[in-house]
Amino acid sequence: MTLTDVTKKQTCRIRAISGPDALRQRLTALGVMRGQKVRLSASTLWGNPRTYAIGRQQICLRNEDACMVEVEPCDD
């Protein structure tokens with residue numbers, strides 16, 4: 001499951017980040033790290049880009065970048 005599969009009320013935990021080194025470094029600089037909880041907070045009418053709440057910040061990612069972040073559903 002990737003970030004593009006997350007629904008509005010679902011909370012997930014980041015498992016891994018794949019893709020080119022430049023993308024992984026940019027996402028890490030934005031606070032996207034393994035183990036962080038993430039949820040979808042907003043989406044455009046067309047569904048691209050989408051805004052995610054990670055920790056206490058909100059980041060906006062294109063679906064091309066969000067599909068590189070592997071997540072798993074959280075129980076808590």
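Cys60 is partly exposed, its relative accessible area being 47%, where partly exposed covers the range between buried (under 20% relative accessible area) and exposed (over 50%), computed with a 1.4 Å probe on protein chains only. The model is predicted, so local features need pLDDT of at least 70 and side-chain atom pairs count only at pLDDT 80 or more, whereas totals for chains, interfaces and linings use all residues. Residues are numbered from 1 along each chain as its sequence is written, and side-chain values use heavy atoms, with hydrogens and water left out.

With a disulfide defined as a pair of cysteine sulfur atoms within 2.5 Å, the count comes to 0 disulfides.

Arg50 lies in strand 3, residues 50–54, strands being DSSP runs of E with at least two residues, numbered from the N terminus. Although buried, Arg50 has no salt bridge, and Asp5, the nearest side chain of opposite charge, is 6.8 Å away; a salt bridge would require a side-chain nitrogen of Lys or Arg within 4 Å of a carboxyl oxygen of Asp or Glu. A polar atom of the Arg50 side chain does, however, lie 2.6 Å from the backbone oxygen of Val6.

Pro49 is found in the loop between strand 2 (37–43) and strand 3, and the peptide bond that joins Asn48 to Pro49 is cis, with omega near 5°. Most peptide bonds, by contrast, are trans.

Definitions and conventions: Helices (H or I, at least four residues) and strands (E, at least two) are DSSP runs, numbered from the N terminus. Lys and Arg count as positive and Asp and Glu as negative; His and the chain ends are not counted. A polar contact is a pair of N or O atoms within 3.5 Å; within protein, one must be able to donate a hydrogen and the other to accept it, and residues adjacent in sequence count only if both atoms are side-chain atoms.
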